[in-house]
2 protein chains.
Amino acid sequence: MGKVYLVGAGPGAPDLLTLRAARLLERADIVFHDALVHPGTLALAAGARLVDVGKRYGKISTEQRFINRALIEAARTHETVVRLKGGDPMIFGRAQEELDALTEAGIEWEAVPGVTAALAAASALGISLTRRGIARTVTFLTPRVGRDETSSEWLPAALGADSVVLYMAAGASQAIARELIAAGKPAATPVALVESASLPEEKRFFTTLAALEAQALPRAAGPVVMCVGEVFRDRHAVDEMAHESLMRQTASERCQAS
Amino acid sequence: MGKVYLVGAGPGAPDLLTLRAARLLERADIVFHDALVHPGTLALAAGARLVDVGKRYGKISTEQRFINRALIEAARTHETVVRLKGGDPMIFGRAQEELDALTEAGIEWEAVPGVTAALAAASALGISLTRRGIARTVTFLTPRVGRDETSSEWLPAALGADSVVLYMAAGASQAIARELIAAGKPAATPVALVESASLPEEKRFFTTLAALEAQALPRAAGPVVMCVGEVFRDRHAVDEMAHESLMRQTASERCQAS
């Protein structure tokens, strides 16, 4: 009987993987990975069979059942099984379903933490999420329920915290801004959006809830985290004009790139 | 002119450092590190002068001013300066003061994210902070203001979130439980305490707010994160009796160790 390692792949850049994760990949026999894991990270698993479990299957429920079963079967025939998840495994993944299924099947497992996207975004912005005197609480959340659904259950947590980082915010930033303002968050609250944090194509935008509510941002090419709170006030005088000019610039970059 | 790298050392275990952090330490000329950084991590900086800025100076304000000035001076005489902070640099440290001082002095800098203690605790517990159907928001906070002060400004964020992880909770868990219950959090809310997450001496306790309020835990030997919320319900039937027996066990272990 083998052992399953539920491993955080970090936020994107292959060198933001932990040493422990790198060593596990190097001795893995089989690796089940999310769709967004960097090819440079997967290259570390030179002796392993790679199974992409991120995009191949239709409905989430089917997919999760498949992954659970595949992990159990793999542990019965391989010594070192790695389940490689984007960011940290214990936040906004389906870790618990997988760990519970392994426990129930009597398979030994271990979780290896990773750098989650919010922390990569904070480093990219050069902004402390808990800047002394401004923020002493930070909340991570996702407004998404299923693939295309959203819900407002996250609002109390977002309103109570000084700094808020919303995961999987691509395409939803205008709706999020609208909900936060309607719930009483000041419209002038600063927002920073980070797309593809830690990767060469990383983009950063400074704006406000009011500006986001007024006009949606162009479609993002990579994963986006949306950071809301006073600490995200850009100290280099970005105002709503700058927001609009950034939007134009981004749209034009996208056109040139395609 | 050199460059200053503000680097996350991760939660404790030396192999939970990122590859990028390890490479920076290997080529560092000088490293300013916190007191709690593992000797195995510092050993990577074989060619660097090591400066412990974590415990040598009395008052926090003096210490921070000293660190800011030391970083600026180091960057003027060394190529690669590493400021190594426990966990992630952008959460519950004084990152912003240091980055602002460097910017003001015209020194180039870069932040390198790390695995923060809350994520190491979640992996140690084998519990997803955002278990589907139970929690979709997670808040990180610290109840400490100065070295010995606490404040209740963190309560709205703690009450609004499904899962809460309190940093620097050692010695404060009884007071925190009391405040949370007084503010309306159900007394039966599960709590998990993780001491020295990711290190060989790591300890985990499952309890409830009510049990913690009734009796303080013994003094911890290492840093403690306190995790509060439904996801932290131990599925192995830990009740208040178990909490008491764990406390006795811990006290007796401590006596034997000393």
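1. A word on angles before anything else: axes are lines fitted to C-alpha atoms, for helices over the stretch in contact, and angles run from 0 to 180 degrees between N-to-C directions. With that in hand, look at helix H7 (residues 173-182) of chain B, which lies across strands E7 (163-166), E8 (190-195) and E10 (224-228) of chain B and runs at about 20 degrees to E10(B). Helices (H or I, at least four residues) and strands (E, at least two) are DSSP runs, numbered from the N terminus.

2. Some ground rules for reading on. This is a predicted model, in which local features need pLDDT of at least 70 and side-chain atom pairs count only at pLDDT 80 or more, while totals for chains, interfaces and linings use all residues. Residues are numbered from 1 along each chain as its sequence is written, chains are lettered from A and ligands numbered from 1 in the order in which they are written, and side-chain values use heavy atoms, with hydrogens and water left out.

3. Now the interface. Chain A and chain B each bring 58 residues to the contact (heavy atoms within 4.5 Å). The area buried between them is about 4600 Å², with carbon and sulfur atoms giving 56%; buried area is the accessible area (1.4 Å probe) that two parts lose on being put together, summed over both. In chain A, Met90(A), Gln96(A) and Arg136(A) lose the most area to chain B, together 16% of what that side buries.

4. Polar links across the interface come next. Between chain A and chain B there are 29 residue pairs in polar contact, both at pLDDT 80 or more (N or O atoms within 3.5 Å; within protein, one must be able to donate a hydrogen and the other to accept it, and residues adjacent in sequence count only if both atoms are side-chain atoms). The elements of chain A that give two or more residues to this side include helix H1 (19-27), helix H4 (95-104) and strand E6 (137-141). By class, the side of chain A that touches chain B has 31 nonpolar, 14 polar and 13 charged residues (Ala, Val, Leu, Ile, Met, Phe, Trp, Tyr, Cys and Pro count as nonpolar, Asp, Glu, Lys and Arg as charged, and the others, Gly among them, as polar).

5. One joins Asp15(B) to Arg20(A) at 2.9 Å, N to O. Within chain A, Glu98(A) meets Lys85(A) at 3.2 Å, N to O. That pair links distant parts of the chain, helix H4 and strand E4 of chain A, 13 residues apart.

6. Strands pair if DSSP finds at least two bridges between them, and an open sheet of 10 strands has the order E9(A)-E8(A)-E10(A)-E7(A)-E6(A)-E6(B)-E7(B)-E10(B)-E8(B)-E9(B), with mixed pairing. The E9 strands (203-208) of chains A and B stand at the edges, each with a single partner strand, so one side of each is left without a neighbour in the sheet. Five bridges join E6(A) to E6(B), which run antiparallel, and Phe140(A) has Val138(B) as its bridge partner.

7. Chain A also has an open sheet of five strands, E3-E2-E4-E1-E5, with parallel pairing. Its neighbouring strands are turned by 20 degrees against each other on average, direction ignored. H4(A) packs on this sheet, touching E1, E4 (80-85) and E5 of chain A, and its direction makes about 170 degrees with that of E1(A).

Notes:
A salt bridge is a side-chain nitrogen of Lys or Arg within 4 Å of a carboxyl oxygen of Asp or Glu.
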